[in-house]
Amino acid sequence: MTAAVKGPAGYFPSIEKKYGRPIAEWKDLIRTSPLTRHMELVSWLKTEHGLGHGHANALVAHTLAEASGGR
């Protein structure tokens, strides 16, 4: 039996389906953005790319955690 994915990554399948881009592409956009603060990045994804708050927050949280050595 496979355990359900929890935390921000749990949103990834619905993000890919709704917005039509793979998660790796979203993460690349976040990493190459001149913005560095969590909420700045969330706001940018919402205004410039039309993501909902939860989806933007999940992507930013997961990407920043990877950059800081988490997960």
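1. His55 has a relative accessibility of 14% and therefore counts as buried, the cut-off being under 20%. The model is a predicted one, and the burial of His55 should be read as a property of that model. His55 belongs to helix H4. Apart from residues up to four places away in sequence, His55 touches Tyr11, Ser14, Ile15, Lys18 and Tyr19.

2. The axes of helix H1 (residues 12-19) and H4 cross at roughly 125 degrees and come within 10 Å. H1 and H4 are therefore oblique to each other, and H1 passes H4 in a left-handed crossing. On the H1 side the contact is made by Phe12, Ser14, Ile15, Lys18 and Tyr19, and on the H4 side by His55, Ala58, Leu59 and His62. By class, this contact of H1 with H4 comprises five nonpolar residues, three polar and one charged.

3. Phe12 is a residue of helix H1. Its relative accessible area is 12%, so Phe12 is buried, the limit being under 20%. Setting aside neighbours within four places in sequence, Phe12 is in contact with Ile23, Lys27, Ala58, Leu59 and His62. Phe12 and Ile23 are 11 residues apart along the chain, and their C-alpha atoms are separated by 6.7 Å.

4. The next pair is H3 and H4. The axes of helix H3 (residues 38-49) and helix H4 (residues 53-67) come within 9 Å, with a crossing angle of roughly 135 degrees. That angle makes H3 oblique to H4; the crossing of H3 and H4 is right-handed. From H3, the residues in contact are His38, Met39, Leu41, Val42, Leu45 and Lys46, and they meet His53, Ala56, Asn57, Leu59, Val60, Ala61 and Leu64 of H4. The contact of H3 with H4 has nine nonpolar, three polar and one charged residues.

5. Leu45, in helix H3, deserves a separate entry. With a relative accessible area of 0%, Leu45 is buried. Not counting residues up to four places away in sequence, Leu45 touches Trp26, Ile30, Gly50, Leu51, Ala56, Leu59 and Val60. Leu45 and His55, 10 residues apart in sequence, have a C-alpha to C-alpha distance of 9.1 Å.

6. H2 and H3 also pack together. Their axes are 11 Å apart and the angle between them is about 120 degrees. That makes H2 oblique to H3, and H2 passes H3 in a right-handed crossing. Trp26, Leu29 and Ile30 of H2 make the contact with Leu41, Trp44, Leu45 and His49 of H3. Six nonpolar residues and one polar residue take part in the contact of H2 with H3, with no charged residue.

7. Which residues have the most contacts inside the largest nonpolar core? They are Trp26, Leu45 and Leu59, in a core of 13 residues. H1, helix H2 (23-32), H3 and H4 each supply at least two residues of this core. Beyond the residues up to four places away in sequence, Trp26 touches Ile15, Tyr19, Arg21, Leu45, His49, Leu51 and Leu59. Leu59 is listed on the H4 side of the contact with H1 and on the H4 side of the contact with H3.

8. Is Thr63 buried or exposed? Thr63 has a relative accessible area of 3% and is buried. Thr63 is placed in helix H4. Leaving out residues up to four places away in sequence, Thr63 touches Lys27, Ile30 and Arg31.

Conventions
Residues numbered from 1 in each chain as written. Predicted model: local features only at pLDDT ≥ 70, side-chain atom pairs only at ≥ 80, totals over all residues. Heavy atoms only, no water. Axes fitted to C-alpha atoms, helices over the stretch in contact; angles between N-to-C directions. Helix = DSSP H or I, 4+ residues; strand = E, 2+ residues; numbered from the N terminus. Parallel < 35°, antiparallel > 145°, perpendicular 65-115°, else oblique. Left-handed = near helix turned anticlockwise from the far one by under 90°. Contact = heavy atoms within 4.5 Å. Nonpolar A, V, L, I, M, F, W, Y, C, P; charged D, E, K, R; others polar. Buried < 20%, exposed > 50% of the residue type's maximum accessible area, 1.4 Å probe, protein only. Core = buried A, V, L, I, M, F, W, Y, C linked by side-chain atoms within 4.5 Å.
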